[in-house]
Amino acid sequence: KDFSSIKIDVRTSDVIFVPSEDEKCRVICTDTENVKHTATVKDDTLLISVEDGRKWYDHIGIFFGNTSVTVALPKESYDLLNITGNTSDITISKDFIFTNIKITTDTGDVSLLSSAKETLDISTDTGDIEIGSFDIKKDKPIECKNIKIESDTGDIKLLQTTASDTITIESNTGKVKFYLVKAPYVNVVTD
């Protein structure tokens, strides 16, 4: 089915967005015996979730490999991207534009090359956040109306980023770096 919004709740799976090679939406998941992903379209929204059937003692020991979700999207523009994860690393390529982006993760890193027309809201506890790219010739600037980024101990980098209204950054102990950033109002709060 066609959809205009995307909601992902995967907790520990890495999430990667890529353009579709054949104009069809594909959700490619790597599962384990007790961790299974589902993808459905309901009310104009692509919903991706995970059923984690592991017991508490399954989290003790050495693990090889993570589960992951790769989302291949056929269109360039979508209304909402909402991702919730705990240890998930999230990578979104430059090929998409969203109206609103909301990403929340605890220890996972976020790498974003896509713009949001209205609001870009990213929050991590210890994960690093990198928005934009140093490569001016290859990657276009990130453009948003409002940007809000929060991290407790993770580092934050804004590269080639423009906000038409406000950029708000909150960080406790993480490093905050800017490169070619423009906005009428920039509010940075650090401890």
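Predicted model: local features only at pLDDT ≥ 70, side-chain atom pairs only at ≥ 80, totals over all residues.

Colleague: Pick L120. What is L120 in contact with, leaving aside neighbours within four places in sequence?

Modeller: L120 has I101, L112, I131, C144, N146, I147 and K148 as contacts once those neighbours are set aside.

Colleague: Zooming out, how many helices and strands are there in the protein chain?

Modeller: The protein chain has 0 helices and 16 strands.

Colleague: And what radius of gyration does the protein chain have?

Modeller: The protein chain comes out at 17 Å; a compact globule with 191 residues would be near 16 Å, so the two agree. The C-alpha trace spans about 50 × 40 × 30 Å along its principal axes. Of the 191 residues, 37% count as buried. For contacts with a separation of 6 or more, 43% come from residues 24 or more positions apart.

Colleague: Switching to aromatics: how many aromatic pairs does the structure hold?

Modeller: There are 5 aromatic pairs in the structure. One of them is F3 with Y78, a stacked pair at 5.7 Å centre to centre with 20° between the planes. This pair links distant parts of the chain, 75 residues apart: F3 sits in the segment before β1 (5–11), and Y78 in strand β7 (residues 77–85).

Colleague: Are F3 and Y78 buried or exposed?

Modeller: Both F3 and Y78 are buried. They also belong to one aromatic cluster, made up of F3, F17, Y78, F96 and F98.

Colleague: Next up, S93. Where is S93 found?

Modeller: S93 is in the loop between β8 (90–92) and β9 (97–105). The relative accessible area of S93 is 16%, and the cut-off for buried is under 20%, so S93 counts as buried. The S93 side chain makes a polar contact with the side chain of D95, at 2.9 Å. Leaving aside neighbours within four places in sequence, S93 is in contact with F17, V18, P19, L113 and S114.

Colleague: I need to sort out histidines too. What does the side chain of H37 make a polar contact with?

Modeller: The H37 side chain makes a polar contact with the side chain of S13, at 2.7 Å. H37 is in strand β4, residues 35–42, and counts as buried at 11% relative accessibility. Not counting residues up to four places away in sequence, H37 touches V10, S13, C29, T30, D31, S49, V50, T67, S68 and V69.

Colleague: C29 is on that list. How many disulfides does a search of the whole structure find?

Modeller: The search finds 0 disulfides. For C29, the nearest cysteine sulfur is that of C25, 11 Å away. C29 counts as partly exposed at 28% relative accessibility, and C25 counts as partly exposed at 30%.

Methods. Residues numbered from 1 in each chain as written. Heavy atoms only, no water. Contact = heavy atoms within 4.5 Å. Helix = DSSP H or I, 4+ residues; strand = E, 2+ residues; numbered from the N terminus. Buried < 20%, exposed > 50% of the residue type's maximum accessible area, 1.4 Å probe, protein only. Polar contact = N/O pair within 3.5 Å; in protein donor to acceptor, adjacent residues only side chain to side chain. Phe/Tyr/Trp six-rings, centres within 6.5 Å; stacked < 30°, edge-to-face > 60°. Disulfide = S-S within 2.5 Å. Rg over C-alpha atoms; globule rule 2.2 N^0.38 Å.
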